[in-house]
Amino acid sequence: MNIGQRFTLRTWLVGVTLTGLGIGLLVFAGKPAPAAVAVKSKAVLAVETVVPTRQDWPVTIKVNGAVAAWQEAKIGAEIGSLRIKQIQVDVGSRVKRGQDLAVLADETVVAELHKQQASVDKSRANLAKAQADAVRAREIQDSGALSSQKIDEYLIAEQTARADLALAQAELENQRIRLSQTHIVASDDGVISARSAGLGDVVTAGTELFRLVRQGRVE
């Protein structure tokens, strides 16, 4: 190969190299920097502030075992020989202390109450008369118009009339209590667990009519 040919080949190689470098620079200039690509592709997160609150997380535990009432109250009649005319609860009913569970027929008790009220009125009138006689006896006991025995009779009659009135009033209160006992009431808050009372049954004192799970608590 002569000098002219070597020069031409060198010139061609240099041109090809420069051309390749130019193309590489153009490609490199057209591509974004790796850091820029990373910035553009990074996801933007939305941030929201909240106020912390306290919450209860229910926990349910499955267990096997017998369930029994915490305390069970027996409710019965305190008065006898009366018919059940109303039943206001059944097994499973939730009740409050003092709530009516059943009502007994009270016609005879009301009649006895009125009779005893009349007896109190009569005893009060007898006491008023005895007191008047005793006052007069005291006024003339020094005059000799009445014997000591007669005066003592008037004074004793006053005391007896006062005692009769107290007895009649006590019996009247007893009839009022009997009337209140015609209402069978719950002895506590809770759930009715048993009922033996039937409409129309004639109850006896002390007969169990209902059972009550106190406070509705089981264990």
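Good morning. A search of the whole structure finds 13 salt bridges. The structure is a predicted model, and the values I report today are computed from it.

Let me begin with helix α3, which spans residues 107-140. Within this helix, arginine 124 and aspartate 121 are three residues apart, about one turn. Their side chains form a salt bridge, with an N to O distance of 3.5 Å. Arginine 124 has a relative accessibility of 39% and is therefore classed as partly exposed. Aspartate 121, at 41%, is likewise partly exposed.

The next pair lies in helix α4, where glutamate 158 and arginine 162 are four residues apart and hence separated by about one helical turn. These two side chains also meet in a salt bridge, at 3.5 Å from N to O. Is each partner buried or exposed? Glutamate 158 has a relative accessible area of 8%; because the limit for buried is under 20%, glutamate 158 is buried. Arginine 162, by contrast, counts as partly exposed at 40% relative accessibility.

I now come to arginine 211. Which residue does arginine 211 form a salt bridge with? The partner is glutamate 208, and the closest N and O atoms are 2.8 Å apart. Arginine 211 is partly exposed, with a relative accessible area of 26%, and glutamate 208 is partly exposed at 30%. This pair also belongs to a network of salt bridges that links Glu72, Glu208 and Arg211.

Let me turn to the loops. Glutamine 181 is placed in the loop between α4 (148-180) and β5 (183-185). With a relative accessible area of 18%, glutamine 181 falls under the 20% limit and so counts as buried. Which residues does glutamine 181 touch, leaving aside those up to four places away in sequence? They are Glu78, Ile79 and Leu104.

Isoleucine 61 also sits in a loop, the one between α2 (34-41) and β1 (72-76). Its relative accessibility is 66%, and because exposed means over 50%, isoleucine 61 counts as exposed. Together with Val59 and Val63, Ile61 makes a nonpolar surface patch of about 360 Å².

Thank you for your attention.

Definitions and conventions
Residues are numbered from 1 along each chain as its sequence is written. This is a predicted model: local features need pLDDT of at least 70, side-chain atom pairs count only at pLDDT 80 or more; totals for chains, interfaces and linings use all residues. Side-chain values use heavy atoms; hydrogens and water are left out. Patches are made of residues with over 30% relative accessible area and no salt bridge: like charges are joined within 9 Å, nonpolar side chains (Val, Leu, Ile, Met, Phe, Trp, Tyr) within 5 Å. Accessible areas come from the Shrake-Rupley method with a 1.4 Å probe; for residues, only the protein chains shown count as cover. A salt bridge is a side-chain nitrogen of Lys or Arg within 4 Å of a carboxyl oxygen of Asp or Glu. Helices (H or I, at least four residues) and strands (E, at least two) are DSSP runs, numbered from the N terminus. Buried means under 20% relative accessible area, exposed over 50%, partly exposed in between (1.4 Å probe, protein chains only). Contact means heavy atoms within 4.5 Å.
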